[in-house]
Amino acid sequence: METFISFLGGFGALLSWEVLGFMIAGFLIGTFFGAMPGLTSVLAIALLLPITYTIDVVPALVMCASIFMAGMYSGSITATTINIPGAPSSMMTAVEGNALMLKGHGANALGHAALGSMIGGSIGAILLMAFMPLAAELALLIRTPGKFSLVLFALVVIIIVDKGAIAKGIVATSLGIMLATVGIDVLQPIPRFEFGTELLVEGIGLMPVVIGAFAVSELLVQAQNWNLSLEGTLERAKALRIRRRDFIPPWSEIRQIGFFTYIKSAIMGYSIGILPGAGGSMAAFVAYADAKRSSKQPEEYGYGSREGIAAAESANNSMCGGAFVPMLMFGIPGDPTTAIVLGVLVINGLQPGPRLLEQQADLIAPMFASLFVSALILIPLTLFLFGPYFIKIVSIPRGLLYSSIAVVALVGSYVATYSIFQMFLALMFGVLAFFLRKHNYSVVAMLLGFILGPDLEQYLRRSLSFNDGNPIVFLTNLDSLAFLILTVVFAYLILRKKPKLDAIP
Amino acid sequence: MNNVERFRKSAVLFPVFLLILTTIYLAEALSIRSQFGGDTIVGPRFMPILMAIIMYVALIVVLVGELRRDEESASSGSFLRPLLVVVATGIYIALFRPLGYVPATLGFVIALFLIFDFERRRPAFFAFYVIAVTALFYGLFAGVFGVRLPPVLGGF
C-alpha cells in the first residue's frame, strides 16, 4: 500500500514546472524522432544521455519515459502516411494504416493508431505500477547463483530472438561482454586490458558505447544510403489535406474493434515487454497475428483493418511498461531504450533492484506517472494539435538533420566527462557498430552484453568461489535451476516455432 | 565466385578482423595475474578467457557460413561518404579543444554540409545554416545546460 501511495505521489511530481517541461519536451522530441524514418526514440534518448549528467534524476527519468512512449506511438505516423514505418514496431501499422490512407481514410487510421497507443500505453503503465511490488518481492528471493542464471537467461533470449543469425548474435553479445571487461576487475582491484594507458584503467563508459552504437553508426549508415532519397515521397504526402475532426475515430468503429481486443493486446504487449530482447516489434506482430486469428472480419486484414492497427499499436505501447520491470528489479534491460534508462539510473547513483522500490520509490514514481500521462494525455493531444502538420515536420532536410545529430552526439559525448578521449571512443564504437549493422550483427545484443557483462561475471565468479569452483551449484540452487529450465524452455519454444508467413498479408 | 573472391568479401573480412581482435584480447587475458589466492579458476582472467573461447567458436561458425554463401550479404553502397564523415569527425575531435567549440564546430558543419550536399548551390543559405547549427547547440549546451565548452583557441 505504501508503495502504491508513493506511485501516486509520482503524479504530484509532474506538477512541478521543471518536470512537466522535461516531460513535454521529451514527448515532442520522441514524437519527432519516432516519426522520422531512419531516426528512433533510442537515438533520441542516446543523444540526450549526456544531458542527464547536468539535470536532476527525476526530470531525466521523466523525459526518458515520455520519449519512449512517444517514439513507440509516432512510428505509426509515417507508417500510415507514406508507408515507411518511423520505427520497426510500426511495421504492422504500415500494412493496415497505409491501405486506409490510400482509400482516403488516413486521418482515421492515425486516430485509431493514437487510440490504440493511448489505451495500450495506459494499461502498460498501470500494470507496471500494479505488479512492481510483486516483482520486488520475487527479486528478494533470488540468491547469487540464481542471479547468474537470470542474467544468462536474458542473454540467451536476446541471442535466440533473431533465429536466423544465432552465431552472429553470440558474436555481438560476446563482443559487448569483452568490452565490459576492460578496466578494474569486478571482484579484485586490478586493472585489465588497459594496454599500458591510464585512459582505460577506469574502463569504457556506457555513454560512448551508446552514442557510437546508435548515433554515429546511424550517421554512417545514412551517409552510405544517401542516394535513397525520401524527398519525393514526402513531397507527395505534403499535398494531403488532413482535418483535425477526422482524427476522432467514430464510436461504431471502436465498438466493432471491441475493448477486449485493446485489453488483450495490451496484456500481450506488456508480457512481451518483460522478456529481454523481444521489444515493440515482436509485441506488435504477436498481437496483430492474434487479432487476425480471432477476428470476425479477417478478410479486412491487409486491406485496411482498423482492428489490426488497434491491436498492434495497443501492444507496442503497452510493451513500454513491461520493459521497465526486469530493468528496475534485476538490472536487466529488455530493450535498448531501457538499457539507456538503466545508464541514467547508474549515472545518478541509483542501483536497480528491490531496494530501489523500497528506498527510492519517490525518484522512480514520476517516471511511471510520465509513462501513464504520456499515453493517456499527450498522445491524443499531440495528434490533435500537430496532426495536420506531421508530414511537414518530418520533411526537414536530411543534410541539416544529420549534421545537427553529428554535432549533438559528439559534443554530448564530450560534455559528460570533458574528455576528448570519450569523443574518440564514440567515433570508434560508431565505426564498429556501422560494420556490425552492415553485416547483420545485432548492435542491441552488443549493448546488452556490455551492460549485463559485469553482472554475469560477478555472479558467476562469486557462485563458483563459494563452492570451490564447482558448477553443480547452479543446479542444486532452486532459483538458479528454475531459471536454467526457463532458459531451455524458451530456447525450445522460440527455436522450434516456425514463423507464420500468413500472418503478414 | 572463386575462393580468393570469397575470402575478400567484406562479410568474411569482418569476422576475420574480429578473430584478430579476439586473439589480441586472449593474449592480454593470459597475462592477467590475480592479486591474491593465486590464479584460481575463478580469478580475474577466468571470464575473459571464457569469452574469447566462445567468441572463437561463434566466429568460426559465422566464417564457415559466410564462405559457403555466394552472394554478398551486406547491402551495397559506396563507402566514400561514410569514410569522409569518419575523417571529418576525426579531425573535428582532434581540433575541438585546441581551436575551441565555435571554430571547430563551424568547420565540422561546413564539412558535413558539403558531404551531404546540403544547400551547396545557395551560399547565403549555406552560411546561415552553418552559423545557425553552431549557435543553436552552443546555446543548448552552454546556455541551457551550463556546460563549459572549449573557448576559442583555448583562450577567452
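1. Overall dimensions of chain A. For 505 residues, a compact globule would have a radius of gyration near 23 Å. Chain A has 22 Å, which agrees. This is a predicted model, so every value here is computed from it. Along the principal axes, the C-alpha atoms of chain A fill a box of roughly 70 × 45 × 45 Å.

2. Make-up of chain A. The secondary structure has 23 helices and two strands. Of the 505 residues, 60% count as buried. Consider the contacts between residues at least 6 apart in sequence: in chain A, 78% of them join residues at least 24 apart.

3. A buried position in chain A. Is Ile29(A) buried or exposed? Ile29(A) has 20 C-beta neighbours inside 10 Å, and therefore counts as buried; the cut-off for that class is 20 or more. Ile29(A) sits in helix α2, residues 17-35 of chain A. Leaving aside residues up to four places away in sequence, Ile29(A) touches Ala44(A) and Ile67(A). Ser66(A) is 37 residues from Ile29(A) in sequence, with 9.1 Å between their C-alpha atoms.

4. Backbone check, Phe195(A). Most residues other than glycine have a negative phi. Phe195(A) is not a glycine, yet has a positive phi of about 50 degrees. The residue is found in the loop between β2 (191-192) and α9 (206-224) of chain A. Phe195(A) counts as exposed, because 10 C-beta neighbours lie inside 10 Å and the exposed class takes 12 or fewer.

5. Backbone check, Asp468(A). Here too the phi is positive, about 50 degrees, although Asp468(A) is not a glycine. Asp468(A) belongs to the loop that runs between α21 (443-466) and α22 (473-476) of chain A. With 10 other C-beta atoms within 10 Å, Asp468(A) is exposed.

6. Make-up of chain B. Chain B has six helices and zero strands. Its pattern along the sequence reads α-α-α-α-α-α. Of its 156 residues, 31% count as buried. Among chain B contacts between residues at least 6 apart in sequence, 58% join residues at least 24 apart.

7. Domains of chain B. How is chain B divided? Domain 1 covers 3-68 and domain 2 covers 80-154. The centres of the two domains, taken over C-alpha atoms, are separated by 38 Å.

8. Ile131(B). This residue is found in helix α6 of chain B. Ile131(B) has 13 other C-beta atoms within 10 Å, so the residue is partly exposed. Buried needs 20 or more such atoms and exposed 12 or fewer; partly exposed lies in between. Lys9(B) is 122 residues from Ile131(B) in sequence, and 42 Å from it in space, C-alpha to C-alpha.

9. Helix packing in chain B. The axes of α4(B) and α5(B) come within 8 Å and cross at roughly 170 degrees. That makes α4(B) roughly antiparallel to α5(B), because angles over 145 degrees fall in that class. On the α4(B) side the contact is made by Arg81(B), Leu84(B), Val85(B), Ala88(B), Tyr92(B), Leu95(B), Phe96(B) and Leu99(B). They meet Pro103(B), Ala104(B), Phe108(B), Ala111(B), Leu112(B) and Ile115(B) in α5(B). By class, this contact has 13 nonpolar, no polar and one charged residues.

10. Contact between the chains. How many residues does each chain give? Chain B gives 55 and chain A gives 50. On the chain B side, the elements giving two or more residues are α2 (10-30), α3 (46-68), α4 (80-99), α5 (101-115) and α6 (123-144). Which of them gives the most? α3(B) does, with eleven residues. The chain B residues that touch chain A divide into 39 nonpolar, twelve polar and four charged.

Technical notes. Residues are numbered from 1 along each chain as its sequence is written. Chains are lettered from A and ligands numbered from 1 in the order in which they are written. This is a predicted model: local features need pLDDT of at least 70, side-chain atom pairs count only at pLDDT 80 or more; totals for chains, interfaces and linings use all residues. Helices (H or I, at least four residues) and strands (E, at least two) are DSSP runs, numbered from the N terminus. The radius of gyration is taken over C-alpha atoms; the globule rule is 2.2 Å times the number of residues to the power 0.38. Two residues are in contact if their C-beta atoms, placed from the backbone, lie within 7 Å. Ala, Val, Leu, Ile, Met, Phe, Trp, Tyr, Cys and Pro count as nonpolar, Asp, Glu, Lys and Arg as charged, and the others, Gly among them, as polar. Domain bounds come from an automatic or database domain assignment. Axes are lines fitted to C-alpha atoms, for helices over the stretch in contact, and angles run from 0 to 180 degrees between N-to-C directions. Angles under 35 degrees count as roughly parallel, over 145 as roughly antiparallel, 65 to 115 as roughly perpendicular and the rest as oblique.
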